[in-house]
Amino acid sequence: MDSTSEKTTKEVDIYRDTWVRFLGYANEVGEAFRALVPVSLVWATYVISTAYVSADALDKGKKAAAEHGDNPGRTPRVAAAVVDTFVWQALASVAIPGFTINRVCAASLYLLGRSTRWPLPVRKWTTTAIGLSTIPFIITPIDRSVDFLLDSSLRKVYGGGSKHEP
């Protein structure tokens with residue numbers, strides 16, 4: 001490999017390119033199981049997701065600090081990297097998907113109660129299966145929507161024109 005190839009080789013981002021990324025989806029899984037587990041367990045999944053979001057934001061801040069060295073304007077660039085990552089991840093990985101799965105499951109449980117004579121445990125497990133199966137379908141639309149939202153608002157404030165790379 002020549003020096004040009006080495007420079008274009010993408011560094012593995014532990015928070016986006018490995019299994020660690022799935023920790024950001026813990027709260028969606030928790031919401032899908034809400035009908036079956038104590039609510040404290042659901043909240044624990046939010047702690048896991050929030051820890052993931054915070055760790056990713058700090059990582060991006062450290063990378064921005066290393067990239068900008070002692071150059072003037074380093075602090076605002078580092079702050080922008082941390083804020084952009086935290087806000088993007090908080091919306092795209094925790095708040096919006098958690099709310100979406102919560103509402104899908106609540107609606108499913110309600111509709112199953114009104115339209116079937118299934119016993120409550122069957123309705124709850126069916127609701128959980130519906131919630132879990134919804135997760136893969138909501139990720140990309142939510143990610144794109146949050147990109148659009150931040151590109152149209154927050155990123156204009158600090159000139160962070162590039163999109164978040166999941």
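Author: Axes are lines fitted to C-alpha atoms, for helices over the stretch in contact, and angles run from 0 to 180 degrees between N-to-C directions. Helices (H or I, at least four residues) and strands (E, at least two) are DSSP runs, numbered from the N terminus. This is a predicted model, in which local features need pLDDT of at least 70, side-chain atom pairs count only at pLDDT 80 or more, and totals for chains, interfaces and linings use all residues. Residues are numbered from 1 along each chain as its sequence is written, and side-chain values use heavy atoms, with hydrogens and water left out.

Reader: How is a packed pair described, and at what angle do the axes of α3 and α4 cross?

Author: Two packed helices are described by the angle between their axes and the distance between the axes. Here the axes of α3 (residues 39-68) and α4 (residues 74-115) cross at roughly 155° and come within 8 Å. The two helices are therefore roughly antiparallel to each other (angles under 35 degrees count as roughly parallel, over 145 as roughly antiparallel, 65 to 115 as roughly perpendicular and the rest as oblique).

Reader: Which residues make the contact?

Author: Contact means heavy atoms within 4.5 Å. Among the residues that make it are Tyr 46, Tyr 52 and Ala 57 of α3, and Val 78, Phe 86 and Val 94 of α4.

Reader: What follows α3?

Author: Gly 69 follows α3, and its phi is positive, near 50°.

Reader: Which helix does α4 cross at roughly 145°?

Author: That partner is α5 (residues 120-152), and the axes of α4 and α5 come within 7 Å.

How values were computed
Expected span 1.5 Å × (residues − 1).
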